[in-house]
Amino acid sequence: MKVIVSRSGGMAGIRLTWEVRVEEQPDPATWADFLNSLPWDDVTDSEATPDRFAYRIRCAPHEVVIAEPQVNGPWRDLVNRVRAANGM
Amino acid sequence: MDNPQISPGLHPNCTIVPPYLLVRLAKLDDPRFAQAAAAARASLLRDSQIRQLRGGTHPFAYSGARTLPARTPGQSDRTISDAGGQERLPGRRVRAEGQPAGSDPAVNEAYDGLGATQNLFWTQYGRDSIDGAGLPMDATVHYGKEYDNAFWDGERMVFGDGDGQVFNRFTISSSVIGHELTHGITQFTANLQYQDQSGALNESISDVFGALVEQHAQTQSTDEASWLIGEGLFTDQVEGVALRSMKAPGTAYNDDVLGKDPQPGSMADYVETEEDNGGVHLNSGIPNRAFYLVAEAVGGNAWETPGRIWYDTLTGTGLRRDSDFAAFAAATTETAARLYGSGGTAHDAVLRAWATVGVLTGSE
């Protein structure tokens with residue numbers, strides 16, 4: 001099981017990708033529970049706004065694209081956790 | 001005072017200038033306000049679309065306290081706020097118009113960058129601020145923690161400090177400040193949809209006027225200018241000079257971590273992607289280069305003839321929200337012919353530029 005967060009756009013237009021392999025984490029069960037608890041089916045499209053980031057989040061079978069202003073709550077938590085697991 | 005009439009399609013609770021103020025401006029007969037009135041009429045027409053799209057309640061409810069203040073047209077009205085590393089806007093107000101510089105370079109750079117942008121648009125194109133009607137210019141610095149971005153949020157410019165490893169603070173480059181502010185101007189005028197080719201045009205227009213803000217402030221002719229966007233934004237650890245090159249898209253950086261600058265400079269290399277709203281920051285390289293080629297052919301100061309053609313196209317009636325590269329090429333060509341004569345140097349330069357980047361064919 002893995003989760004991939006890809007951030008594109010921003011003023012710089014530079015894409016960065018962070019990946020976490022759940023089974024390689026010190027707490028794989030916590031990761032799996034957290035990923036399963038995310039509101040994957042509740043993500044709705046929103047109007048793109050200039051120079052904000054767009055986050056593409058993949059965790060098979062799920063894939064969502066969320067505009068930066070909507071990356072709140074558990075999604076924000078996810079992005080922070082994935083970045084932290086990648087050391088940044 | 002007349003009670004302004006609100007058109008049925010307008011929702012009076014959204015965006016920067018309240019519709020009733022726009023209605024009032026649009027009705028002004030005083031010739032001193034002719035430009036503001038014209039801009040307000042244009043905004044009214046276009047804002048109805050934005051307002052319908054946005055819906056919801058505006059975060060900054062209009063108090064009515066700033067209705068048509070006594071001000072000299074063209075005079076900037078800047079306010080810089082400090083978010084203190086939070087992601088809450090607007091943050092603490094730290095410098096208002098006319099106050100002296102302090103010790104925080106981000107505040108000073110934002111203040112000066114807004115001034116340089118106002119100076120370009122007012123002295124060269126007669127545009128008074130973002131809305132063409134003297135809208136106060138607001139910016140927030142120190143947004144977020146190690147935040148690698150700057151953006152225009154519909155009401156203000158917002159600048160992050162960068163992470164210090166890849167990016168320096170985003171106020172460091174006046175082309176970035178001009179870029180953000182131009183997103184505001186585009187919102188009030190052609191309001192190009194931020195997706196695919198119209199989105200890449202939206203981006204390119206911000207790069208064009210961002211570059212012109214810098215060139216105008218430093219009195220650099222086309223030959224002397226770097227044509228770089230975001231010069232100095234990368235730290236010393238990055239192999240690269242800037243975010244983008246208008247003169248040579250694809251050459252701004254080539255770094256182990258970031259990879260190579262992926263911008264195309266012609267339609268042959270157009271990038272089809274779902275990322276970045278259809279590659280708006282990538283494919284903008286094509287119209288960016290077209291603008292540079294016009295400037296190169298015309299010579300002299302790029303904010304003069306080339307900038308005027310682009311500005312008049314942006315603020316005129318020839319564009320739609322979803323205009324693509326070909327439509328923009330046709331519109332700039334028409335503007336060049338109208339302003340500088342059909343078959344003249346400028347008209348010819350515009351035709352050749354769009355042919356060179358592969359947007360127009362058969363006109364070489």
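Which residue of β3(A) is the bridge partner of A:Ser8? In this predicted model, the bridge partner of A:Ser8 in β3(A) is A:Ala54. Residues are numbered from 1 along each chain as its sequence is written, while chains are lettered from A and ligands numbered from 1 in the order in which they are written. Because the model is predicted, local features need pLDDT of at least 70 and side-chain atom pairs count only at pLDDT 80 or more, whereas totals for chains, interfaces and linings use all residues; side-chain values use heavy atoms, with hydrogens and water left out.

The pair A:Ser8 and A:Ala54 belongs to the antiparallel pairing of strand β1 (residues 2-9) with strand β3 (residues 53-59) of chain A, which runs over six bridges. Helices (H or I, at least four residues) and strands (E, at least two) are DSSP runs, numbered from the N terminus, and two strands pair if DSSP finds at least two bridges between them. Strands of a sheet pair through backbone hydrogen bonds, either parallel or antiparallel. In chain A, four strands form an open sheet in the order β2-β1-β3-β4, with antiparallel pairing. Its edge strands are β2 (16-21) and β4 (62-67), each of which pairs on one side only. From one strand to the next the twist averages 15°.

Two loops of chain A contain backbone features of note. A:Asp51 is located in the loop between α1 (28-37) and β3 of chain A, and has a positive phi of about 65° although it is not a glycine. With a relative accessibility of 0%, A:Asp51 counts as buried (buried means under 20% relative accessible area, exposed over 50%, and partly exposed in between, with a 1.4 Å probe and protein chains only). The loop between β3 and β4 of chain A holds A:Pro61, and the peptide bond from A:Ala60 to A:Pro61 is cis, with omega near 10°.

Chain B has 10 helices and nine strands. Of its 364 residues, 57% count as buried. Contact means heavy atoms within 4.5 Å; among the contacts in chain B with a separation of 6 or more, 60% are between residues 24 or more positions apart.

Strand β1 (residues 78-82) of chain B is mostly covered, with five of its five residues buried. In a regular strand the side chains alternate between the two faces of the sheet. Both faces of β1(B) are covered: B:Arg78, B:Ile80 and B:Asp82 are buried on one side, and B:Thr79 and B:Ser81 on the other. β1(B) pairs in the parallel sense with strand β3 (residues 137-141) of chain B over five bridges, and in β3(B) the bridge partner of B:Arg78 is B:Met137. With strand β2 (residues 92-96) of chain B, β1(B) pairs in the antiparallel sense over four bridges; here B:Thr79 stands opposite B:Ala96 in β2(B). The loop between β1 and β2 of chain B contains B:Pro90, which is joined to B:Leu89 by a cis peptide bond with omega of about 5°.

B:Asn191, in the loop between α4 (174-188) and α5 (196-217) of chain B, has a positive phi of about 50° although it is not a glycine. At 9% relative accessibility, B:Asn191 counts as buried.

Two helix pairs of chain B were examined. Axes are lines fitted to C-alpha atoms, for helices over the stretch in contact, and angles run from 0 to 180 degrees between N-to-C directions. Helix α7 (residues 285-298) and helix α8 (residues 305-315) of chain B have axes that come within 9 Å and cross at roughly 140°. α7(B) is therefore oblique to α8(B) (angles under 35 degrees count as roughly parallel, over 145 as roughly antiparallel, 65 to 115 as roughly perpendicular and the rest as oblique). The contact is made by B:Phe291, B:Val294, B:Ala295 and B:Val298 of α7(B) and by B:Thr305, B:Pro306, B:Gly307 and B:Trp310 of α8(B).

Helix α9 (residues 325-340) and helix α10 (residues 345-356) of chain B pack at an angle of about 165°, with their axes 8 Å apart. α9(B) is therefore roughly antiparallel to α10(B). Residues in this contact include B:Phe328, B:Ala336 and B:Tyr340 of α9(B) and B:His347 and B:Trp354 of α10(B). In the loop between α9 and α10 of chain B lies B:Gly341, which counts as partly exposed at 28% relative accessibility. Not counting residues up to four places away in sequence, B:Gly341 touches B:Ala336 and B:His347.
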